[in-house]
Amino acid sequence: MAGTATQTAGTTEPTRRDFIVVAAGAFGAVGAAAAIWPFVHQMNPSADVLALSSTEVDLSQIAAGQSVTILWRGKPVFVRHRTAAEIDQAKKDDAAALPDPAKDADRVKKPEWLVMMGVCTHLGCVPLGQKGDFGGWFCPCHGSHYDTSGRIRKGPAPANLPVPEYAFLNDTRIRIG
Amino acid sequence: MADNTSGFFANPLVKWIEYRLPVFSTLDHMVGTQYPTPKNLSYWWNFGSLAGLCLVIQILTGIVLVMHYTPHTSLAFDSVEHIMRDVNYGWLLRYMHANGASMFFIVVYIHIFRGLYYGSYKAPREILWFLGLIIFLLMMATAFMGYVLPWGQMSFWGATVITNLFSAIPLVGEPIVTWLWGGFSVDNPTLNRFFSLHYLLPFVIVGIVILHVLALHQHGSNNPLGIDTKGPQDRIPFHPYYTIKDAFGVGVFLIFFSFFLFYAPNYLGHPDNYIPANPLVTPEHIVPEWYFLPFYAILRSVPDKLGGVLLMFGAILILFLLPWLDTSKVRSAKFRPIYKQLFWVFLIACVGLTYAGGLPPEGLALVIGRVCTVYYFAHFLILMPLVGWFEKPLKLPASISEAVLKDGAAGSKA
């Protein structure tokens, strides 16, 4: 009976029953999607993981030519006290062919302090310091070379080593995050 | 026996149960006297049931290992050592589980190559083939997550590299990786969810295996001749003929398994995984488990991040298109003189990829990896369609029975 009704009426305009079917279906779909969200979102970082989001570093103990690696959000951060030669090289390389162009001046707050994530932008390994073809970092996993400013120069990595958010609290102390 | 009223089925208890729950007749139709099977199946047809055995071994050993394992970054490594040193027979159970994973992949790879050689993916067995590929994908996910659980250096860095593959996806890549990790790096939340899924997925595999067997029974096993069975003269019942043949295969397989288990239990693993995970130090040379090496080689053959990731996943997904990429109507490579040779070239390319995947990506290894990657895709996308069109297949026998009896007659004369 309903079949014949929609067949005759359906060709001209939708019936009240069509409206109810679509409205109920749409309501059910939205409800199902809303019910799925908690199951998906529970996998995102939890409140305690998000809370551990800043750390401070004392720079006074790091001599020129030395680096320290600190753990921030479970990942290594390189803090390097660059030598004058490295700074000159990094500035000179501003003009080189860079896969991910960036000026050395934009990657540091003070030229002698280079602060960046120690995580290769290819697949997340930790690059080795003062190795590779450009005197910067070299990732042993898949052979990416970074220069003295942490910029990608050669290999499969698509981007420079990222610079995290950080601020100088005073001349010898920074806060990362 | 065909009417199920004699022998085993005449037992009063069996009758009583069967009348209420038809479990025995169902089994008899699945793997018993009521399942007609081509009579010419070779030993290459043992690997399906062997794969089933491997799944059972993994589930049983896994369930008991969980009774002693702790999924927390500060305790996981030590709890695995506790299993190895303190738990009664813990060393045996863990080595069975770890080497069992390798055995499972060996068996499944042979099973897949068997299917490739004899055209088991062709009509009407396409869905059977898809279900097998889904099992293969689930196995890879399960094995990867299982390898993370001991929380050694290779666990940690393997997890880091593999989850970072998803960061290659434009725009949503980074949020997806953070979501997978449950943080900003591989850490305790990652370990916990991998443990949860590593326990779940094998049972999902069991479900797909049941569908795989169901699809198999719809048209029956393919066979070395690749022609359909045409009547009772071409078939024999699964039990006792193939149950006994499979049982013999199990014996041979267990000897092979035992060799690794008792004499070289760490040969297939990596020594770096006996170093506890350290997020600050990447091992000199990260390699996945051997069964992932061909795909790892493809990943590293491409000097572009997204390209490498796409090609690696494409290498598996392309197998789903096989029923249509192979344009030949003839199933078995036995009757396909050109495809038969290409099959072996393809196998060599896969071995080459495995070799290249285990070495640092430079020099000769990189060249081998690239050449084999190109062949891998050319084999499916170019050679398979063309060979199907231009190859002149040999004459197919009229029936399985005819071919088998002719061979038999020749054998008795000689």
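How many residues does the contact take from chain B and from chain A? It takes 28 residues from chain B and 26 residues from chain A, where contact means heavy atoms within 4.5 Å. This is a predicted model, in which local features need pLDDT of at least 70 and side-chain atom pairs count only at pLDDT 80 or more, while totals for chains, interfaces and linings use all residues. Residues are numbered from 1 along each chain as its sequence is written, chains are lettered from A in the order in which they are written, and side-chain values use heavy atoms, without hydrogens and water.

**View 1. The area buried between chain B and chain A.** About 2300 Å² is buried between the two chains, and carbon and sulfur atoms give 66% of this. Buried area is the accessible area (1.4 Å probe) that two parts lose on being put together, summed over both. On the side of chain B, W179(B), F184(B) and K305(B) lose the most area to chain A, together 32% of what that side buries.

**View 2. Polar contacts between chain B and chain A.** There are 10 residue pairs in polar contact, both residues at pLDDT 80 or more. A polar contact is a pair of N or O atoms within 3.5 Å; within protein, one must be able to donate a hydrogen and the other to accept it, and residues adjacent in sequence count only if both atoms are side-chain atoms.

**View 3. Chain A.** The C-alpha atoms of chain A fill a box of roughly 90 × 40 × 30 Å along the principal axes. Of the contacts in chain A with a separation of 6 or more, 51% join residues 24 or more positions apart.
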